[in-house]
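Here is a short briefing to read alongside the coordinates. Keep your viewer open and follow the topics in order.

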Amino acid sequence: MNYDIIIAGGGVIGGMVARELSKYKLSVCVLEKQSDVAIGASKANSGIIHGGYDPEPNTLKAKMNSRGVDLLYKVAKELNVPFKQNGSMICAFGKEEEAEVFNLFERGRENGIEEMRIITGDEAREIEPALSEDVSLVLYVPTAGIICPYKLTIAAIGNAMDNGVELIRNFEICDIGKTDSGFVVKSTNGEEVTAKYLINCAGCSSDKVAKMAGDGEFEIIPRAGEYLLLDKAEGSTVSHTIFQVPSANGKGILVTPTADGNLLTGPTAAVVESADNNEITPEGIRTVINLAKRSVPEIQFSKVITSFAGVRSSEKDGDFIIEASKKVEGLVNVAAIDSPGLTSCVAIAEYVTVILKGIGVTLTQKENWNGHRADMEAFNHMSDEKKDEFIKQNPAYGKIVCRCEGITEGEIRAAVRQNPKALDMDAVKRRTRSGMGRCQGGFCSPYVMRIIAEENGIKMEDVTKKGGASKMLVGRI
Amino acid sequence: MKRELTCIICPRGCGLTVQINGDNVTVTGNGCPKGVQYGIDECTNPTRTVTSIVRVANRIDTMVSVKTESPIPKGNIFDLMEIIRKKEVNAPIEIGDVICDNVFGTKVIATKQVK
Amino acid sequence: MLKCDIAIIGGGPAGMAAACAAYDAGVKDVIIFDREDEMGGILRQCIHNGFGLHKLGKELTGPEYAAVYADMVKERGIKVYTNTTVLKLSNDKVITATNTEGILKVKAISVILAMGCRERSRGALNICGTRPAGIYSAGTAQKLINCEGYMVGKKVVILGSGDIGLIMARRMSLEGAKVEAVCEIMSYSGGLTRNIVQCLEDYNIPLYLSTTVAEIHGRERLEGVTIAEVDANRQPIESTKRYIPCDTLLLSCGLIPENELTTGAGIEIDHITSGAVVDQNRQTEIEGVFACGNVLQVHDLVDYVSDEAEIAGKGAAEYVMGKSTKGEVIITKSGNGVRYVLPQRIVKNDEGVSLFLRVTKPFGKVKFTVKSGNEVLVTAIRIKAAPGEMEKLTVKADKMAIAKNEITVELEEV
């Protein structure tokens, strides 16, 4: 197949770029290595919409972050992705660390962040009672928020697909040829697609993709971050996102409610060999527990329901790389998007269109573009009366499949059918939260397997956890 | 010969000592008379009740649970499983319906109703 | 809004027995809600035998035991809503439920909680490593195999020696899988001794005590686990680490009562049993709300679930018929060697009371003593006592009469 533009990578950046480009009369294709989108860092990160005080002034990070916050809130609304502007607190523990609070405040000012205040530990504890007595000074950033990063990615790519973008999954790029008319991109499965332009949003593989295309200018340093996720019963332990000021002890561990109502603690930061190194380690778990308790001593770690690790892609200079390749015509690198990448994603996508214009892409608006996506959680939010009416029309909404999260068969079937279709167990989990509750799929997985098999016309034995060889069953008795 | 056993007749799990001198077998440590019989059987002809499932051919992805009506020799458990695995039945099935007749001195019967 | 005298949440062994007991005590307007397409709860997938010896005087399989009670429910004409999930219980005993016909609201005079329990998940265990396919809780695997007829794996390691884990070791072996090991982090098994004999020893499956799964390996499907002995703090000992190739890991690491509806109604939960705090009729802190079975405390035998459900069913019926449940309250306490005592409180009347308890660790011969102040109410000798087996001690009416404020249950090794 030939396209105007290929986007390498179905993460939150690739997804937002795809959605942005779906506004224009262009043929666009997203290539994703895995069986689903939002598999890499976009699945396993803190889900924080950062206030913008942190990046070095005048860096791309600073620009994208400060512009990105409002844009992200706007797009999340259009895509019906739940978020909450809960505000963040950056905590200093004692005199030595307090200087850093003032530094961050100043840096925030330079980055154009207006709504910040410095408050005392006591003032902070008044609005956040669970905060440690040892917190002495706090930078309070009310504009910061929380959002579910994989729901955002799925919604962005889904919306792009609704507007004509194609998604090719299980397409692991192994070779990129350059011709006069553009790029020839080959997969390990022997598929081939061509395009005039290539936008490299390949996360931890973005240096490899760039190299394959003939640009070896940068190198990605993968850094793993481990997290512990707690039961929803603990979700209200804190209402703000609690950071620690970066100090000699490291960057600190955050404690935050998630957009879905759980409590999240993490991440660690360990340089690892590759993006595949997303294992949970005993040291990681210990670090998260110890450091999180420093901010919020009463966290009930007996209520952990799962642990996970995400591998973020960094670069030695520490800034985002968003530019047209200096070496290869038609290649745009969007790489080293670590924190605050999620916050910046819409701003980055917008900036990519500016770069594309600069290298000669004509952007003509489509007349019929629709940036809105159906509310996947509509049923959940209905009153009992509304639900009753709804069930009478769609009986599948009356059958609870995931009892921990209260997810119905109707919601699961809708999620499986909607762009981008859910083909495996983890994909259903990310779209509906079925299996994400306290029993972690103990009760619902047999039902979900059956729904996936039915909806995708495959045998139960062929249902996978996450594509490839990750089959759930080994055969029929 | 002396053997130490745990009685499996009931959840109490009494520790049994079985003394075998030729035909003379004595059991001690039992909490009830059933333990004596278990101790003797376990040392002379150990048996087990086998439970499993059989596919219901005329229902989608439906299994009927089954058991041996009485215990079978321990050594025949996997032979019986071979027979059970190959078996298919048709609904309706009532509890107690015979699924396999005359196997290792007993029958395999349904333990579940399938309408 | 519908109305009924007694609404029972859950149609497993507890719910069915409670319904029949309530009916037999004189309250006919009873409704059972069950989320599955037929009653029976977890018994439906427990196809092994060993049920009913105590309660029914014969040894049955799980489905057979369930059928006995399902028939009793049918004979009494008790109304059952199957395929119906209760979403909410309010503190004024209004139940909101859903099924394919719509949302259902029922105002009950009395409610019996009989929702059962769930298994502890991998996440709650914090096992390190990757997140491949092939990791199941033992009960999920049991359902897939026994009810749906699908095999979950060929080479298996089981973590946890609870009864479900032991039963599944045998079940997987019978279906041709190779069970490489059962690992138990404690120094003793939580399962019944008979199950160690007939599920592990019969099939030459090794049981490693004080051993855990330290790491999980494999990206797509599970490829193996690293097992290790644990130290006194239950942390893996590096030098004992050993790799076992396998495609399946079953977890049988404990059961947790499913009390989300209970806490939603504002009922206090006992942090040791993880079930509601109840009196001797199994009445919770909210008058007219009762609890029984595994949602109240995790039982080792279904027979005892049925017993407990009958107490709750009768209590609920008496409540509906207006019998007072008020009176002087005595609190029960756990003394030496006792993990918990249920009921947690006793409303004093002129009757005796049965106390149910679990011990903290395996003991040899012990003497239990039930005391109130300096008064010994009852003593009992047991040849052995284990955490996996529930103990029952009965305080007679004349002894209850002298009890004041508190009752303590303790044990000493003799």
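Predicted model: local features only at pLDDT ≥ 70, side-chain atom pairs only at ≥ 80, totals over all residues.

**Where chains A and C meet**

- The contact brings together 41 residues of chain A and 40 residues of chain C, with two residues in contact if their C-beta atoms, placed from the backbone, lie within 7 Å.
- On the chain A side, at least two residues each come from helix 7 (282-295), strand 18 (304-315), helix 10 (384-393), helix 13 (445-456) and strand 23 (475-476). Helices (H or I, at least four residues) and strands (E, at least two) are DSSP runs, numbered from the N terminus.
- Helix 10 of chain A gives the largest share of that side, five residues.
- Sorted by class, the side of chain A that touches chain C holds 17 nonpolar, twelve polar and twelve charged residues. Here Ala, Val, Leu, Ile, Met, Phe, Trp, Tyr, Cys and Pro count as nonpolar, Asp, Glu, Lys and Arg as charged, and the others, Gly among them, as polar.
- Strand 23 of chain A also pairs with strand 12 (residues 150-151) of chain C, in the antiparallel sense and over two bridges; strands pair if DSSP finds at least two bridges between them.

**Chain A and its domains**

- Chain A has 13 helices and 23 strands, and its C-alpha trace spans about 60 × 55 × 45 Å along its principal axes.
- A compact globule of 477 residues would have a radius of gyration near 23 Å, so the 22 Å of chain A agrees. This radius is taken over C-alpha atoms, and the globule rule is 2.2 Å times the number of residues to the power 0.38.
- Three domains divide chain A: domain 1 (2-42 + 150-219 + 318-358), domain 2 (88-142 + 221-314) and domain 3 (378-462). Their bounds come from an automatic or database domain assignment.
- The centres of domain 1 and domain 2 of chain A, taken over C-alpha atoms, are 31 Å apart.
- Ten residues from domain 1 of chain A and eight residues from domain 2 of chain A take part in the contact between them.

**A sheet in chain B**

- Five strands of chain B form an open sheet in the order 8-5-6-10-9, with mixed pairing.
- Its edge strands, strand 8 (88-89) and strand 9 (98-103) of chain B, each pair on one side only.
- Strand 9 and strand 10 (residues 106-110) of chain B run antiparallel and are joined by three bridges. Val103(B) has Thr106(B) in strand 10 of chain B as its bridge partner.

**Chain C as a whole**

- Chain C has nine helices and 29 strands.
- Its C-alpha trace spans about 60 × 60 × 40 Å along its principal axes.
- For 414 residues, a compact globule would have a radius of gyration near 22 Å, and chain C agrees at 22 Å.
- Among contacts in chain C between residues at least 6 apart in sequence, 63% join residues at least 24 apart.

Terms used:
Residues numbered from 1 in each chain as written. Chains lettered and ligands numbered in written order.
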